[in-house]
Amino acid sequence: MAEVKLLGVSLSPFSRRVEWALKIKGVEYEFVEQDLQNKSSLLLESNPIHKKIPVLIHNGKPICESMIIVEYIDETFEGPSILPKDPYDRAIARFWAKFFDEKCLPVLGKTWFGQGEESEKAKEEASELIKILDNELKDKKFFVGDKIGFADMAANLVTYWLGIIEEASGNVLVTSEKFPNFCAWKDNYSNCSQVKEHLPPRDAILAHFKARFQAAADATAPK
Amino acid sequence: MAEELKLHRTWSSPFGLRIVWALHIKGIEYDAIFEDLSQKSPELLQYNPIHKKIPVLVHKGKPICESLVILEYIDETWKEAPLLPQDPYEKAMARFWAKFGEEKLLPSIWSVFTGQGEEKKEALGLAVQNLELLEEQLKEKFFGGEKIGYLDLVFGWLAYLLDVFEEVIDLKLFDAGKFPLLSAWMKNFYDAPEIKEHWPPRDKLVTKFQVLHEKYQTANPPK
């Protein structure tokens, strides 16, 4: 029985955050693909509160919430560090990870799946948020230090996935003219071998989001 | 030295209080700067340009923002009287429940405070469910064990604000009979020496929240 099991969805950026952390530490694990339309009893037992992926199960004990899992992996396994050593740098990394998860992601979600005015307002807000990131990343290769870390991983959705989602939705928010530093960071990130070799297939993500946008459009189409 | 450490806070904010308590528990001296949020100081805007919020801890001129990030920074910088558990799994659990507190429990209780009619009833149901989940987590005197820890500081606001909200909205949110463990915890936390000298004056709090409640009532009259 695998000591380390990851309940995840291979297309999901949240799942990939954890996989990246495990790979960086060289931890062997069993990946168990979840069907979110038909949640397994293992998932429901392991994450009864949120019933979401990813869930890491280590020695039979479940840990939930992707960035909490990443910190757990950093603290438990030997290998290159994911968070910096210095407490101030760690605070900066955590600050930006939080900024992504709590500010950027909900607003981006509304730009893609919000209706009418809500979506338009969200697009303005999203632009402001990406401008903040763009300012922060001026003269910086990654969020903290010169190697990929915790905050960059928290932002993974806005790297590889964002471009694909924008293609699927037909709505482009992020261009290198508007956000040059952010786009440079995205390229640095995507070219890192630890990341590049472990991304889900582009077509599969494109198909997934096209289907979601179609379903949303069908749901709101006039009868 | 006190001049190396500054805390920007307000007289009443529970987020600021978390840091006050943490610094007290660790025996750390600092200068407190009380902000008026209707007239934010230039220093606050400089130190927290993104969120423009308190608390902000400024250590040797470097700002740290977001109360949970600050708590971890304090714990990693001053090692005496640790706030977070040492064991990585227990630490992950503490972070999980802190996230639950911020993202589920607090908003559900706030929705009861600000809501009207049907919306308020639904919010109350959800808030009670969330409190039940928290009740199940209490295994010892405090969330941190025999002594106050990180999670107690995160949930500390319950021990003084719940009853103020109840008075202002004239609604029993928290039935002590249904939550014997949480009830006992609230009393123990409220009376703990490192905590109790910092409580904001209750009458001032009631006035503040009465004003806020009226604002919500007039902004969103019941349909």
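Predicted model: local features only at pLDDT ≥ 70, side-chain atom pairs only at ≥ 80, totals over all residues.
Accessible areas here come from the Shrake-Rupley method with a 1.4 Å probe, and for residues, only the protein chains shown count as cover.

Residues are numbered from 1 along each chain as its sequence is written, chains are lettered from A and ligands numbered from 1 in the order in which they are written, and side-chain values use heavy atoms, leaving out hydrogens and water.

Let's stay with chain B. Its secondary structure comes to ten helices and four strands (helices are DSSP runs of H or I with at least four residues, strands are runs of E with at least two, and both are numbered from the N terminus). Read along the sequence, they follow the pattern β-α-β-α-β-β-α-α-α-α-α-α-α-α. The C-alpha trace of chain B spans about 55 × 45 × 30 Å along its principal axes. A compact globule of 223 residues would have a radius of gyration near 17 Å, and the 18 Å of chain B agrees with that (the radius is taken over C-alpha atoms, and the globule rule is 2.2 Å times the number of residues to the power 0.38). Of the 223 residues in chain B, 52% count as buried, where buried means under 20% relative accessible area, exposed means over 50%, and partly exposed lies in between (1.4 Å probe, protein chains only). Among the contacts in chain B with a separation of 6 or more, 72% join residues 24 or more positions apart; a contact means heavy atoms within 4.5 Å.

Now zoom in on a pair of helices. Two packed helices are described by the angle between their axes and the distance between the axes. In chain B, helix α7 (residues 157-169) and helix α8 (residues 180-191) pack at an angle of about 110 degrees, with their axes 8 Å apart. That makes α7(B) roughly perpendicular to α8(B), a label for angles of 65 to 115 degrees. On the α7(B) side the contact is made by B:Leu158, B:Ala159, B:Tyr160 and B:Leu162, and on the α8(B) side by B:Trp185, B:Met186, B:Phe189 and B:Tyr190. What kind of residues are these?

Over to chain A. Here, too, there are ten helices and four strands. The C-alpha trace of chain A spans about 50 × 45 × 30 Å along its principal axes, and 50% of its 223 residues count as buried. The accessible surface of chain A comes to about 10,600 Å², with 51% of it belonging to carbon and sulfur atoms.

A:His50 sits in the loop between α2 (41-46) and β3 (55-58) of chain A. Is A:His50 buried or exposed? A:His50 is buried, with a relative accessible area of 17%. Leaving aside residues up to four places away in sequence, A:His50 touches A:Glu65, B:Phe96, B:Phe100 and B:Lys104.

The other residue, A:Ser169, has its place in helix α7 (residues 160-169) of chain A. A:Ser169 is partly exposed, with a relative accessible area of 24%. From A:Ser169 to A:His58 it is 111 residues in sequence and 38 Å in space, C-alpha to C-alpha.

Notes
Axes fitted to C-alpha atoms, helices over the stretch in contact; angles between N-to-C directions. Parallel < 35°, antiparallel > 145°, perpendicular 65-115°, else oblique.
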